[in-house]
Amino acid sequence: MDDKAVRSLGGKLALWVFWIFCAYFIWTVLNDIWPVSQTNLPVGFNTGTVGTATGDWLNSLFGVLVLAVVGVILGAIAWYTRPQDPDA
């Protein structure tokens, strides 16, 4: 017999949440990094206010890092809830 492993309802939900988050992550990166990349970086590292070009870059970098950590967590949940081999 060719028994195919099937995801549970929770596993399907986890996978959908992960894919929706991936689309949101890509949209956020394009929406945030693209305009910031059009700004000119000053020579040297500017330690001024967050409204500077360096502050914009750091804001975008930290935003992407936070979203990446959330994506890793959601990906791990989707991986953990994957369908298991019925023979195992």
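This passage describes the fold, the annotated spans and selected residues of one protein model.

The model is predicted, so local features require a pLDDT of at least 70 and side-chain atom pairs a pLDDT of 80 or more, while totals for chains, interfaces and linings use all residues. Residues are numbered from 1 along each chain as its sequence is written, and side-chain values rest on heavy atoms, without hydrogens or water.

The protein holds two helices and zero strands. Helices (H or I, at least four residues) and strands (E, at least two) are DSSP runs, numbered from the N terminus. Helix H1 covers residues 9-37. Helix H2 covers residues 53-80. Among contacts between residues at least 6 apart in sequence, 66% join residues at least 24 apart. A contact here means heavy atoms within 4.5 Å.

The protein has 88 residues, of which 17% count as buried. Buried means under 20% relative accessible area, exposed means over 50%, and partly exposed lies in between (1.4 Å probe, protein chains only). Accessible areas come from the Shrake-Rupley method with a 1.4 Å probe; for residues, only the protein chains shown count as cover.

An unreviewed UniProt entry places the feature "transmembrane region" at residues 12-30 and 57-80. UniProt positions follow the numbering used here, feature names are shortened, and annotations may be inferred rather than shown by experiment. In the model, residues 12-30 are 100% helix and 0% strand. The end C-alpha atoms of residues 12-30 are 27 Å apart. Residues 57-80 are also 100% helix and 0% strand. Their end C-alpha atoms lie 34 Å apart.

Threonine 28 sits in helix H1. Threonine 28 counts as buried because its relative accessible area is 16%. Its side chain reaches the backbone oxygen of tyrosine 24 at 2.8 Å. This is a polar contact, a pair of N or O atoms within 3.5 Å; within protein, one must be able to donate a hydrogen and the other to accept it, and residues adjacent in sequence count only if both atoms are side-chain atoms. Setting aside neighbours within four places in sequence, threonine 28 is in contact with Ile33 and Leu67.

Aspartate 56 is found in H2. With a relative accessible area of 29%, aspartate 56 is partly exposed. Aspartate 56 and isoleucine 33 are 23 residues apart in sequence, and their C-alpha atoms are 9.2 Å apart. Asparagine 59 also lies in H2. At 47% relative accessibility, asparagine 59 counts as partly exposed. Its C-alpha atom is separated by 9.3 Å from that of aspartate 32, 27 residues apart along the chain.

Leu58, Leu61, Phe62 and Leu65 make a nonpolar surface patch of about 360 Å². Patches are made of residues with over 30% relative accessible area and no salt bridge: like charges are joined within 9 Å, nonpolar side chains (Val, Leu, Ile, Met, Phe, Trp, Tyr) within 5 Å. A salt bridge is a side-chain nitrogen of Lys or Arg within 4 Å of a carboxyl oxygen of Asp or Glu. Leucine 65 is partly exposed, at 44% relative accessibility.

Arginine 7 is found in the segment before H1. A polar atom of its side chain lies 3.3 Å from the backbone oxygen of alanine 78. The backbone oxygen of threonine 81 lies 3.2 Å from a polar atom of the arginine 7 side chain. Not counting residues up to four places away in sequence, arginine 7 touches Lys12, Leu15, Ala78, Thr81, Arg82 and Pro83.
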